[in-house]
Amino acid sequence: MIKFESISHSYKNKNVVDNLNLQIEANKLTCLLGSSGSGKTTILRLIAGLEIPQSGNIFIDKKLVTENEKLIVPPNKRNIGFIFQDLALWPHFTVYKNIAFGLTERKEKDIDKTVFKILEYFGLKEHADKYPHQLSGGQKQLVAISRSLVLKPKILLMDEPLANLDVKLKRKILDHIKNLKENFNLTIIYVTHDHKEAFTIADKIIVIENGKIEADGTREQIKNSKNEFVKYFLEY
Amino acid sequence: MNNNIKFINFFNGHKFFAAVYLFFFLFIILPVFYIFANTFLFDNSLVSNIKQLDKNTFLLLLNSSIVAFVVSLFATFIGSVLGFLLYKTNLKYKGFFKILFLIPLLISPYILAVAWKDFFSVFFQNAKIISSYFGVVLVQVFIYTPLAMIIVGNAFTNIDAHLEESGLLITNVKDVILKIELPLIKPAIFSSFVLIFIFTISGFSVPAFFGIRVFTTEIFTQFSAFYNHSLAILQSFLLVAVCVFLLLTESKYISNASFLSVGSKGTNKKLFPSNNTHILFLTIWFLISVILPFITLVVQSFSKGTSDIIKAFDLLESAVGNSIGFALLASALIVIVGFVAAYYSNTQTKSSSNFFDWSLLIVFTIPSIVFGIALIKFYNRVVFNFIYSGYAIIVIAYVGKFSFIASKIIGNAIKQIPQSLDEAAQIEGISFYSRIKNILLPLILPGIFASFIIGFIFSFGELGTTIMVYPPGKEIMPIKVFTIMANAPLALTSSMTLIVLSVTIFMIAILYSVSKIFMKNYGFYND
Amino acid sequence: MKTILSVISILLIIFINGCSNNRNEVVVYTSVDQVFSEPVLKDFEQQTGIKVKALYDTEETKSTGVLNRIIAEKNNPQCDLFWSGDPVRAIVLKNKNISFPYNSKDAEDINPVYRDPENYWTGFSARARVLIYNKKLLEEKDVPQSVFDLTNKKLKGKFAIANPLFGTTTFHIAALFTLLGDEKAKQFLADLKKNKVVIATSNGDVKKRVMQGEVFCGLTDTDDAFEAAKEDTNIGFVFLDQNGIGSLVIPNTVNLIKKSPNQNNAKLLFDFLLSKKTEAKLAKLCAQMPLHKGVQVPKDVPSLDNIVPMKINFDETATELEKIQPFLKKWLNN
C-alpha cells in the first residue's frame with residue numbers, strides 16, 4: 001500500500017533517512033520500532049506529506065504522491081489520519097469541536113450524529129463540552145484518535161501515542177488500537193520505541209536505526225532475528 | 001527549494017496574502033527604492049557625497065549605536081521586569097497599571113524631554129545634569145520601557161503552566177523565571193531590544209533637544225541646513241545597514257531555538273504571588289516614569305488657571321476625529337501587513353529573513369524625514385494626486401513606518417504555537433484560510449491585539465514623516481501641538497499635550513476592554 | 001472573500017476621498033509660527049471667501065520642514081505661495097528656480113532694500129534680532145549693548161544663541177560675515193566658543209532658557225522677545241549695536257511658486273499679505289514692525305524708524321550663508 005523508493009531526507013545537513021526502501025502492506029498494523037532519533041517520526045511525516053524528501057519516490061496505493069523534492073499529492077488529499085506525539089489538540093476548541101471541525105470544513109452531513117457516535121464508542125460522550133486541558137492523558141489520546149477517525153482515513157499514522165500514559169491506560173488504548181484496524185478498515189503505521197507495545201499489537205515490525213531498516217518481519221521473526229542491533233534493542 | 005522560489009510559490013498560491021504583499025510593495029517599498037535608486041544610480045553628486053562619509057561620520061554612527069544600545073538594554077531589562085510583574089503575578093489592579101505605565105510611550109519624545117528638563121530646572125535648579133548623554137538615555141529609557149513591557153509581557157502570557165510547574169518541582173521561583181521562562185521568551189526579549197534600538201538610533205528629537213549630537217542630527221542637518229538630500233539619504237543607508245546587521249545577529253541567534261510554549265489556554269496560566277518588593281518596584285517606577293513628567297505637565301498647564309486648557313481644547317477639537325480615524329485605520333492595516341509578513345517568515349521558510357522582512361525593516365529604520373521625502377518624490381505626481389492630496393498618504397506613512405513592529409510581535413506569538421496544530425488541520429483537509437482563521441488567529445490573539453494597540457499608539461503620535469506629507473488644511477493632533485508650540489506659552493503647549501495624552505489613554509482603555517472581551521472567549525484571561 | 005472585498009472597497013473610498021475638488025482655494029506653506037500666521041490667513045478667508053489651506057512648520061523641524069517640502073514637490077507643486085519668516089528661504093527658492101516674479105501693487109511704498117530686485121520675493125512686517133535678558137540675573141547697566149559684548153568674560157557660559165545652522169541665527173551670522181569679512185567674523189565666533197556660548201535648539205529654546213534663568217541673556221527675534229516679555233515681566237530686550245553696525249532687520253517674505261494650481265488666488269493672497277491691514281495685525285499679534293508707512297501699531301511695538309538697521313544686501317547675505325555653512329557646522333561640533 002505504501003512504498004518508499006530510495007528515499008533520502010536530511011535535516012540541517014544531517015541525514016535522517018538514507019536511501020530507504022520500504023513497503024507497508026494494506027490493512028495491517030505495522031510498527032516502526034527504534035530508538036529516539038532513528039528516523040521513525042520522519043518516515044511518518046514523509047508518508048503524510050508533511051516533509052518532502054530530497055530524493056526518492058513515495059507511492060500510496062500505487063499512486064505517486066511524492067517525487068524527488070516535489071509534492072505531487074498534498075497531505076489533505078492522501079486520506080490519512082495523523083496522531084501527533086503531542087496530540088495537537090486545538091486548545092481553544094472543545095472536545096466536540098476538535099472532532100467536528102474537519103467534518104464542518106468538508107461540509108459533511110449529520111455531523112452531530114457522527115461526532116457523538118465516535119464519542120460514545122470511546123466512552124467520551126460526557127466530555128464533549130470540555131476543553132483539552134480539562135481532560136486526562138488517556139482521554140486526550142482518545143479524542144485525538146476520534147478526530148482522525150471521523151474523517152474515515154484509509155491510513156492512520158500514530159507517533160508514539162502512548163508515550164505519557166500509565167500501564168493500565170496503555171493497555172486500554174492498545175486494545176482500542178488493535179480493534180481499529182478491523183472496525184474501521186484501516187492501514188495503521190504505529191511508531192514506538194517500546195518493543196513491548198510493538199509485540200502486543202503489530203502484524204509487522206520494522207526496526208529502524210539511523211534512518212535505515214535493520215530488520216523487518218512478523219513478531220516472531222523479529223524476536224528471533226540474528227541482527228546484532230535488534231538483539232541489543234530487544235534486551236531492554 | 002530555493003528561498004526565492006518558495007517565496008513566489010507561496011504568494012502565488014495565496015491571493016489574499018499576495019494582495020497584502022503587493023499593497024505593501026507598491027505603496028510603501030517602491031517609493032523608498034525609488035529614492036535610493038535615484039541617489040545611488042542617477043545622482044551626479046554620489047561620488048562627492050560618498051567622499052563626505054569620513055571617519056567622523058562613522059565615529060558618530062558608532063557613538064549613536066552605543067547610546068542606542070544602552071537605552072535598549074535598560075529599557076528591555078526594566079520592561080521585562082514590569083512585564084513579568086504585570087502579566088505573571090496576581091497583583092491587584094493590573095489592568096489599570098498596564099495602561100498607566102504606557103503613558104511615557106504616549107507622550108511625544110520631544111515633549112517628554114521638555115517636561116524632564118523643566119522638572120530638573122524647577123526642582124534641582126540645574127538643568128545641566130539632564131542636558132547630557134545621561135538625559136538622552138534617561139528620557140529614552142522612560143519612553144521605550146513600556147514597549148518592552150507590552151512585548152515581553154504578552155510573551156509571558158503564552159507560557160504553558162506545565163513548563164513552569166515542572167520547574168517549580170525542582171527549583172525555586174527565581175530559577176524557574178531565569179532558567180525556564182526567560183529562555184522561552186527569548187524572541188520577545190530580543191525583538192523588544194531590536195525595536196527599541198532602531199527607534200533610538202533613528203530618533204532625533206530627544207538628543208537634539210538636549211544638545212547631544214547623534215547620527216540622525218547629521219542627517220537632519222544635511223536635509224535642512226544644506227538641502228543636500230542625496231547625502232542625507234546616503235547617510236540613512238548607513239543607519240539601515242547597522243540595523244540590518246543587528247537583525248541578522250538576532251535571527252542567527254534566535255532561529256534555531258525552540259520556543260514552543262503554548263499549551264492549553266485559560267486556567268493553565270500560572271500566576272506567581274506578588275510581594276511587597278514587587279509593589280515597591282512598581283510604585284517607584286510609576287512615580288519616576290509616569291507621575292513626575294505628568295505632574296510637570298499638569299502644573300505647567302494649570303499655572304494660569306484653566307484658560308490654557310480651555311484654549312487647548314478649542315485648538316485641538318477639530319483634529320481629534322481625523323487623528324483617531326487615521327490611527328485606527330492604519331493600525332488595522334499594520335496588523336494585516338505585519339501578520340502576513342510574520343506568517344510567511346515563521347511558517348513557510350526555514351530562513352527567518354526574507355525580502356518582505358528586510359523591506360519592513362528598511363522602512364522602519366530610515367529616518368522619518370527621509371521616508372517623508374521618499375513619499376513626496378514618488379507620490380507627488382498628477383496621476384497620484386488622489387493619494388497625495390488626501391488622507392491616504394498619511395495612512396501609507398503610518399503603515400510603512402510601523403508594520404515592522406507588528407511583524408515582530410506577531411512573529412513571536414506565532415513562534416510559540418506548535419506547528420503540529422496546523423499540520424493536524426492540514427491533514428484533515430482544512431483549507432489554508434480556514435486554518436488561519438480558526439486555528440492560528442485565535443491562538444495568537446494577544447499578539448494581534450498588542451500589535452494593534454502599539455500600532456495605534458505610534459500612528460497617533462507620529463510626527464516626523466507626517467509633517468512632510470500631511471495635506472494642507474487637514475488637521476492632525478500631534479502636528480497641531482508642534483506647530484502651535486513654536487511660539488505658544490508653555491502652559492498652552494503642556495495643556496495640548498495633556499489633551500493628546502488623555503485622548504490616547506481613553507482610546508487605549510477602549511481597545512484593551514474590547515480585546516479583553518475577545519480574549520476571554522478563547523480562555524486567555526483569568527484576571 | 002466577500003468580507004475582504006468590502007473592506008477593500010471601503011478603503012478605496014477613503015483613499016479616493018482625497019481627490020481635489022476644484023474648489024476656490026489657495027494653498028500656502030509658511031514657516032511663520034502658526035499662532036501668528038493663522039489669524040492673518042483666516043482674515044483673508046473671511047474677506048475673500050477663498051479657502052486657505054495652510055501648512056505650518058514645527059518647532060522640531062526648525063522652520064525648515066515646509067521649505068524642504070516645497071523643494072521636494074517642485075516637479076508637481078502643491079503650494080501656491082510661500083510665506084517665510086526671513087528672506088533666506090525665499091532666496092533659496094529663487095535660486096532653485098522654484099518661484100517666479102510678481103510685482104504687487106501693494107509693494108509700491110516698501111523700501112527696495114526689503115524686496116528682491118527682480119521681484120521674486122517681497123518683504124513685509126519685519127522682525128529684528130535682539131538680545132533678551134533676565135532682569136533678575138542681569139542688572140540694567142550690565143546688559144550687553146553690542147553683539148561683540150557677548151565675548152565679555154562676565155557672561156562666560158551664561159548666554160545662549162540658537163543652533164547657527166538653522167533659522168534666523170544662521171542669517172544673523174551670515175550678515176556678520178558680510179559686514180566684518182571672513183577673518184573677523186571667524187575670530188568673533190571663536191571668541192564666543194571660548195566664552196562658552198550655550199547653543200540652544202531654537203530661538204524659542206533661547207527664550208525659555210532665559211526665562212528659566214539657565215542663562216542671563218540670549219540672541220533671539222523680536223517676536224520671541226515680545227512674547228517672553230508679555231509672559232514674564234522679568235524679561236527685557238534690547239536692540240544691539242545701535243551705535244555701531246546696527247541690528248539685523250528680518251522681514252517676512254512672500255513668493256509665488258511656479259506651476260502651482262491656484263495662481264490667481266495666490267496673487268490675491270500675496271497682495272493681502274503685503275497690505276497695511278496685515279502689517280497692523282502682525283504688529284498687534286507679535287510686535288512685527290511694518291515696512292509700510294503710516295500703519296497703526298500698538299504703543300509697545302518698536303518702529304523701524306527708531307532702529308538702526310544693519311546695512312546688508314540680502315542676496316549677498318544669502319550667498320554668504322551658503323558659503324559659511326560648512327564652517328558653521330565644524331564650529332558647532334568642535
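Strand β1 (residues 2-11) of chain A pairs with strand β4 (residues 55-60) of chain A in the antiparallel sense, over 5 bridges. Pairing here requires at least two DSSP bridges between two strands. Strands are DSSP runs of E of at least two residues, helices are runs of H or I of at least four, and both are numbered from the N terminus. Within β4(A), S55(A) is the bridge partner of S8(A).

This is a predicted model, in which local features need pLDDT of at least 70 and side-chain atom pairs count only at pLDDT 80 or more, while totals for chains, interfaces and linings use all residues. Residues are numbered from 1 along each chain as its sequence is written, and chains are lettered from A and ligands numbered from 1 in the order in which they are written.

**The sheet of chain A**

The β1-β4 pair belongs to an open sheet of 5 strands, with the order β2-β1-β4-β5-β6 (chain A) and antiparallel pairing. β2 (14-24) and β6 (70-71) of chain A stand at the edges; each has a single partner strand, so one side of each lacks a neighbour in the sheet. Helix α1 (residues 40-48) of chain A packs on the sheet and touches β1, β2 and β4 of chain A. The direction of α1(A) makes about 115° with that of β1(A). Such angles run from 0 to 180 degrees between N-to-C directions, with axes fitted as lines to C-alpha atoms, for helices over the stretch in contact.

**Chain B**

Chain B has 26 helices and 1 strand. Its radius of gyration is 23 Å, close to the 24 Å that the globule rule gives for 527 residues, so chain B is as compact as a globular protein of that length. The radius is taken over C-alpha atoms, and the rule is 2.2 Å times the number of residues to the power 0.38. The C-alpha trace spans about 60 × 55 × 45 Å along its principal axes.

Of the 527 residues in chain B, 55% are buried. Buried means 20 or more other C-beta atoms within 10 Å of the residue's own, exposed means 12 or fewer, and partly exposed lies in between, with C-beta atoms placed from the backbone. In helix α17 (residues 355-365) of chain B, 9 of the 11 residues are buried, so the helix is largely enclosed by the rest of the structure. Among them are F356(B), D357(B), L360(B) and F364(B).

**Contacts between chains**

Two residues are in contact if their C-beta atoms, placed from the backbone, lie within 7 Å. Chains A and C have no contact; their closest C-alpha atoms lie 16 Å apart. Between chains B and A, 24 residues of chain B meet 22 residues of chain A. On the chain B side, α21 (419-427) and α22 (432-443) are the elements giving two or more residues. The largest share, 6 residues, comes from α21(B).

**Chain C**

Chain C divides into two domains, with bounds from an automatic or database domain assignment.

| Domain of chain C | Residues |
|---|---|
| domain 1 | 24-125 + 251-301 |
| domain 2 | 127-248 + 320-333 |

The C-alpha centres of domain 1 and domain 2 of chain C lie 26 Å apart. 10 residues of domain 1 are in contact with 12 residues of domain 2 of chain C.

S202(C) sits in the loop between β7 (198-200) and α7 (203-212) of chain C. S202(C) is buried, with 24 other C-beta atoms within 10 Å.
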